Amino acid sequence: MLLPWEGDPDPSRLGESLLSSRLAPARVLRPAVRRGFLEGGKAAGGEHRGRGPFVEVDWETALDLVARAIGDVRSTVGNEGLYAGSYGWSSAGRFHHSQSQIHRFMNVIGGCTRSVQNYSHGAGETLLPYVLGDRRGLLNGQTSWEDIARHAGTVVMFGGAPVRNAQVNSGGVGRHVLRESLLACREAGVRFVSISPVRDDTMPELQARWLAPRPGSDVALILGLAHTLLVEGLHDKDFLARCTSGFDRFADYLMGRDEGVPRTAEWAAALCELPAAQIRELAREMARSRTMLMMSWSLQRAEFGEQPYWALVALASMLGQVGLPGGGFGFGYGCVNGVGRPLVPINWPAMPQGKNPVTQSIPVARIADMLLNPGKLYDFDGHERAFPHVRLVYWAGGNPFHHHQDLNRLVRAWQKPEAVIVHESFWTATARFADIVLPATTLLERNDIACSARDNLVSPSHRIAEPAGQARNDHAIFAALALRLGAGDTFTEGLDEEGWLRRLYSQTCEQAQRVGYALPDFEIFWQGGPIVLPAPAQSMPLLAAFAADPAANPLPTPSGLIELYSDKIASYGYHDCPPHPAWLEPAEWLGAQAAQKHPLHLVSNAPANKLHSQYDHGDLSRADKLNGREPLRIHPQDAASRGISQGDVVRVFNQRGACLASACLSDQVRCGVVQMATGAWYDPLVPGEPGTLDKHGNPNVLTRDVGTSRLAQATSALSCLVEVQRFVGELPTLTCHEPPPLQAAVATAPASPT
Ligand SMILES: Nc1nc2c(c(=O)[nH]1)N[C@H]1C(S)=C(S)[C@@H](COP(=O)(O)OP(=O)(O)OC[C@H]3O[C@@H](n4cnc5c(=O)[nH]c(N)nc54)[C@H](O)[C@@H]3O)O[C@H]1N2
Ligand SMILES: Nc1nc2c(c(=O)[nH]1)N[C@H]1C(S)=C(S)[C@@H](COP(=O)(O)OP(=O)(O)OC[C@H]3O[C@@H](n4cnc5c(=O)[nH]c(N)nc54)[C@H](O)[C@@H]3O)O[C@H]1N2
Ligand SMILES: [Mo]
């Protein structure tokens with residue numbers, strides 16, 4: 001039974017599936033090798049990746065095969081031919097963090113091609129250093145909820161503040177604080193405005209005013225607000241002069257002096273479909289009161305996703321409240337737990353990864369581009385680069401067949417490497433698309449330390465169950481491989497799990513001591529519950545010192561100021577990322593030509609009932625499916641015009657792919673918008689075949705695999721048009737929550753894998 005920690009005001013139910021579904025049929029119990037691979041290559045028997053049965057083998061055979069595959073790549077093209085970006089969240093805990101383990105392993109054997117950025121906020125994190133000099137306001141330093149409750153009159157939330165998303169944080173969560181933070185603001189009299197295609201992105205208790213512009217049109221809306229401030233003289237000229245550079249260029253753009261049209265409220269209204277009068281009134285209200293502008297990460301997960309972030313900073317600068325308590329801007333308040341809470345000033349322990357001797361890397365969301373176009377030149381963040389020639393893909397703790405866009409394209413790209421190796425606890429699509437699958441323990445089957453920078457507690461995470469089948473810890477698997485590749489001691493440093501936990505904990509104690517916290521010794525820590533550290537001191541509002549005296553506290557930008565025009569970006573000459581915030585029309589949004597054919601905008605958000613795709617096979621996630629398919633929320637009017645009723649199985653499709661889903665009629669979504677959470681396991685009707693129907697409801701068979709722009713090259717999952725129709729015919733059986741066909745090993749020596 002799962003009991004919440006008594007110190008948690010708003011416990012999440014997500015952990016329930018960890019217990020109930022650990023031993024589900026989808027569990028990987030033994031090392032397994034794709035039969036075609038075992039028999040001598042990917043073409044053998046027509047069994048391409050994602051197709052064909054697996055043969056279960058013993059650990060020694062599997063580890064020998066992996067070591068040989070790695071050795072082949074190293075001896076032919078060198079370590080650059082190994083791709084182990086291995087993006088993914090894996091599970092809570094500091095030592096068994098899969099990405100740290102795989103990166104450490106790769107580093108001790110000579111390195112690998114890696115990835116930079118993440119799928120969460122790749123565009124924001126690449127853009128903001130140009131604008132603010134660093135990533136303040138995105139990763140840390142957000143103005144605190146206490147300040148907002150005390151001082152803000154209005155909070156405007158682009159993308160809402162869904163409490164469902166603040167259930168999680170990497171490293172683990174102690175206290176879930178978003179709900180109480182929002183309610184405290186409401187009690188203090190703060191007015192909320194939620195700008196989102198989805199009404200219940202904001203909890204009803206907040207009584208937020210709901211504005212639902214067309215998805216992807218937020219920049220137009222912000223420009224309309226900015227134009228109103230400018231022509232009505234409501235902008236803070238003093239702040240703009242003292243603290244920003246390039247406002248004149250931005251103002252020229254707003255006024256249409258760039259050979260364009262003036263970006264008036266009327267101009268914005270036509271694009272975002274909100275009345276011009278409402279846009280004007282919102283601008284005046286923002287200027288009248290202390291206004292905090294919040295934006296979720298989702299808005300930058302879109303084509304030209306750099307622009308909404310830059311535009312928000314520009315709007316906040318015009319309001320002149322940056323640095324004041326309860327005013328200004330901030331990103332990600334409703335995205336993970338703990339944003340807007342002061343950080344404990346401790347460097348929490350992490351498994352040391354060492355240094356990667358290979359310098360080659362790709363922006364994380366360009367994986368299919370890399371596999372399909374080795375050697376091809378591309379632009380990224382001011383540099384021209386070439387995609388590396390990758391021969392082997394190694395993943396531990398992530399699910400690219402969940403997280404990547406345009407899965408049919410990924411299916412094609414995935415046939416390119418010579419070997420794909422995956423550590424998994426469950427038969428996810430990524431495991432099914434591997435050549436060698438090594439069974440990994442879950443967090444209940446190993447000891448660890450749980451804590452995160454956004455929480456003020458550190459907790460032992462005890463092993464409470466024996467590993468399922470022959471599952472091993474990622475660390476143990478990599479230790480065995482490192483030994484085979486001549487780097488065993490370098491990888492383990494002679495320590496086992498307990499040895500590492502003791503070392504990491506003692507480093508934590510030293511860190512804590514440095515800032516005046518005394519932690520008990522390891523034995524006491526290990527036998528006790530979570531250790532709650534004193535709440536850290538209240539932080540200053542974001543950019544407070546800078547705004548008070550920009551000359552004394554300049555930003556690390558070329559001008560030392562907030563850059564509303566960037567000479568550096570101008571020098572890149574990117575047509576898709578101009579040097580000031582600008583409206584660029586995405587290829588897919590409701591105003592596009594393409595909407596005539598696929599007239600619905602698909603929002604694929606984070607799921608309420610799981611973490612990404614994890615435990616999609618669990619009770620909590622399955623209870624929410626209808627007809628076993630992922631629910632797709634659709635406005636009753638859009639459903640009626642298509643003859644769709646509540647609970648109907650529907651086919652959701654566009655030029656890239658199609659999936660089944662179950663219609664869920666709801667007036668919580670804007671007309672013209674359909675919403676389907678991410679996370680349903682990809683379940684192809686014809687496994688391994690690009691373009692085949694996904695029987696289950698993974699929105700990534702529909703999303704577009706294109707970089708946000710040449711600047712960030714991040715994911716643009718949320719710029720996606722689809723059409724929906726009632727599904728007629730026999731409903732195909734789901735197979736993704738069962739293991740693939742498994743065969744016992746034949747007792748002969750395995751052939752060479754290449
Ligand atoms: N359309 C669309 N797509 C999206 C997004 C979106 O908004 N829309 N969001 C994107 C974002 S922000 C993110 S962060 C990604 C998330 O993408 P991922 O992080 O790749 O998704 P997860 O489902 O968390 O995958 C983690 C996998 O690791 C496995 N795992 C867990 N613990 C361990 C372990 O200890 N060892 C090993 N070996 N494996 C383990 C789990 O079983 C699971 O399959 O998705 C992205 N994709
Ligand atoms: N329970 C749970 N929590 C999670 C996760 C999970 O998988 N499960 N994943 C975690 C991770 S890795 C991340 S990165 C974060 C993601 O955090 P976010 O990026 O905030 O997550 P989303 O749920 O994708 O999007 C939030 C809302 O943005 C709105 N939105 C979409 N497009 C637009 C638009 O064009 N304009 C406006 N104004 N609004 C729009 C949608 O209505 C959507 O519900 O969540 C984290 N929290
Ligand atoms: Mo994310």
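User: Which residue's side chain meets that of Arg726 in a salt bridge?
Analyst: The partner is Asp648, and the N to O distance is 3.9 Å. Please bear in mind that this is a predicted model.

User: Where do Arg726 and Asp648 lie?
Analyst: Arg726 belongs to strand S26, residues 721–726. Asp648 is found in the loop between helix H25 (636–640) and S23, so the pair ties together parts that are 78 residues apart in sequence.

User: And is Asp648 buried or exposed?
Analyst: Asp648 is buried, because its relative accessible area is 16% and the cut-off for buried is under 20%. Arg726, with 41% relative accessibility, counts as partly exposed.

User: How many salt bridges does a search of the whole structure find?
Analyst: The search finds 47. One of them joins Arg164 to Asp201, with the closest N and O atoms 3.3 Å apart.

User: What does the pair of Arg164 and Asp201 tie together?
Analyst: The pair ties together parts that are 37 residues apart in sequence. Arg164 sits in the loop between strand S5 (154–158) and helix H7 (178–187), while Asp201 sits in the loop between strand S6 (191–195) and strand S7 (209–211). Asp201 is buried, at a relative accessible area of 8%.

User: Which residues are joined into one network by salt bridges that share partners?
Analyst: That network consists of Glu146, Arg175, Glu180 and Arg341. Within it, Arg175 forms a salt bridge with Glu180, and their closest N and O atoms are 3.5 Å apart. Arg175 is partly exposed at 24% relative accessibility, and Glu180 is partly exposed at 29%.

User: Let us go back to S5. Why is it largely enclosed?
Analyst: Strand S5 is largely enclosed by the rest of the structure because 5 of its 5 residues are buried.

User: Which residues are on each side of S5?
Analyst: Thr154, Val156 and Phe158 are on one side, with Val155 and Met157 on the other. Both faces are covered, as these residues are all buried. In a regular strand, side chains alternate between the two faces of the sheet.

User: How many bridges join S5 to S6?
Analyst: S5 and S6 run parallel and are joined by 5 bridges. Phe158 stands opposite Ile195 in S6.

User: In which sense do S22 and S24 pair?
Analyst: Strand S22, residues 631–634, pairs with S24 in the parallel sense over 4 bridges. Ile634 stands opposite Leu665 in S24. Strand S23 (residues 649–653) also pairs with S24, but in the antiparallel sense, over 5 bridges. Val652 has Cys659 as its bridge partner in S24. A hairpin of 4 residues joins S23 to S24.

User: New topic: what is the order of the open sheet of 3 strands?
Analyst: The order is S17-S18-S19, with antiparallel pairing. Strands S17 (448–451) and S19 (531–532) each have a single partner strand and stand at the edges, so one side of each is left without a neighbour in the sheet. S17 is joined to strand S18 (residues 457–461) by 4 bridges, and Ala450 stands opposite Ser459 in S18.

User: Which residues touch the most other members of the largest nonpolar core?
Analyst: They are Phe329 and Ile562, in a core of 99 residues. Helix H13 (residues 306–319) gives the largest share of this core, 10 residues.

User: Why does this core lie between domain 2 and domain 3?
Analyst: Domain 2 (142–342 + 549–572) and domain 3 (593–726) both give residues to the core, so it lies between them.

User: Which residues of H4 are buried?
Analyst: Helix H4, residues 98–108, has 10 of its 11 residues buried. Among them are Ile102, Phe105 and Met106, along with His103 and Arg104. Just after H4, Gly110 takes a positive phi of about 110°.

User: Finally, which residues make the nonpolar surface patch of about 270 Å²?
Analyst: Leu2, Leu19 and Ile464 make that patch. Leu19 lies in helix H1, residues 16–20, and counts as partly exposed at 34% relative accessibility.

Note on methods:
Residues are numbered from 1 along each chain as its sequence is written. Chains are lettered from A and ligands numbered from 1 in the order in which they are written. This is a predicted model: local features need pLDDT of at least 70, side-chain atom pairs count only at pLDDT 80 or more; totals for chains, interfaces and linings use all residues. Side-chain values use heavy atoms; hydrogens and water are left out. Two strands pair if DSSP finds at least two bridges between them. Helices (H or I, at least four residues) and strands (E, at least two) are DSSP runs, numbered from the N terminus. Patches are made of residues with over 30% relative accessible area and no salt bridge: like charges are joined within 9 Å, nonpolar side chains (Val, Leu, Ile, Met, Phe, Trp, Tyr) within 5 Å. Accessible areas come from the Shrake-Rupley method with a 1.4 Å probe; for residues, only the protein chains shown count as cover. A salt bridge is a side-chain nitrogen of Lys or Arg within 4 Å of a carboxyl oxygen of Asp or Glu. Buried means under 20% relative accessible area, exposed over 50%, partly exposed in between (1.4 Å probe, protein chains only). A nonpolar core is a set of buried Ala, Val, Leu, Ile, Met, Phe, Trp, Tyr and Cys residues joined through side-chain atoms within 4.5 Å. Domain bounds come from an automatic or database domain assignment.
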